[in-house]
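Please work through the exercises below with the sequence and the structure open beside you. Try each task before reading its solution.

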Amino acid sequence: MRATLNLNKAELRKVEKGLQAYLFRKKGQWRRTARRFANNIMTESQQEIPRYTGTMASTAYVDVNVNGDVEFGYGGPNDAWNPETKQMASEYLMAVHEDLYARHVTGKAKFLEDPIRRNVGKLELMLAHGMKD
């Protein structure tokens, strides 16, 4: 038993264009969903970041880079000078984030990692919901 499929080039081009449009739409949905997730993480993180002078918190950002990847965190394009420490926030952000023994008047260590860990399952749900047709 055998079947033959005759491919019409014009019809294939229509299918290809339809698939490209579909994938472009899905990529846009992914970006919007990822940006929304990143904004949610940063909102939670802002509640947990130590705020002695407020410089670290002021460097929060969520951005879509040239490749369409969603980047978020502290420092980066919003890096700021701390007049108290005489340093850029990016110079001490990692140390503050990782030092589990430091005591802060407000906030705590792992101010970015903890919200990510708590919400990683939500990203999967948001993506599944956002990618439905």
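The exercises that follow concern contacts between side chains in a predicted model.

**Exercise 1.** Find how Glu-48 and Lys-108 meet, and state where in the chain each of them lies.

*Solution.* Begin with the contact itself: the side chains of Glu-48 and Lys-108 form a salt bridge, with 3.3 Å from N to O, and this distance qualifies because the cut-off is 4 Å.

**Exercise 2.** Decide whether Glu-48 and Lys-108 are buried, partly exposed or exposed.

*Solution.* Take Glu-48 to begin with: its relative accessible area is 12%, and it counts as buried because the limit for that class is under 20%. Then turn to Lys-108, whose relative accessible area is 30%; Lys-108 is partly exposed, because this class lies between the 20% and 50% limits.

**Exercise 3.** Determine which salt bridges Lys-110 makes with Glu-98 and Glu-113, and describe the accessibility of these residues.

*Solution.* Start with Glu-98, whose side chain meets that of Lys-110 in a salt bridge at 2.6 Å, N to O. Glu-98 is in helix H3 and Lys-110 in the loop between H3 and H4, twelve residues apart, and this pair, too, links distant parts of the chain. Continue with Glu-113, where the salt bridge to Lys-110 has an N to O distance of 3.2 Å. As for accessibility, Lys-110 is buried at 14%, whereas Glu-98 is partly exposed at 36% and Glu-113 is partly exposed at 24%. To set these bridges in context, note that a search of the whole structure finds seven salt bridges.

**Exercise 4.** Locate the aromatic pair and work out how its rings are arranged.

*Solution.* A search of the whole structure gives one aromatic pair, and its members are Tyr-74 and Phe-111, with ring centres 5.5 Å apart and 80° between the planes. The arrangement is edge-to-face, because the angle is over 60 degrees. Tyr-74 lies in the loop between strand E2 (70–73) and strand E3 (81–82), and Phe-111 in the loop between H3 and H4, so that the pair links parts of the chain 37 residues apart. Both Tyr-74 and Phe-111 are buried.

Key:
Residues numbered from 1 in each chain as written. Predicted model: local features only at pLDDT ≥ 70, side-chain atom pairs only at ≥ 80, totals over all residues. Heavy atoms only, no water. Helix = DSSP H or I, 4+ residues; strand = E, 2+ residues; numbered from the N terminus. Buried < 20%, exposed > 50% of the residue type's maximum accessible area, 1.4 Å probe, protein only. Phe/Tyr/Trp six-rings, centres within 6.5 Å; stacked < 30°, edge-to-face > 60°.
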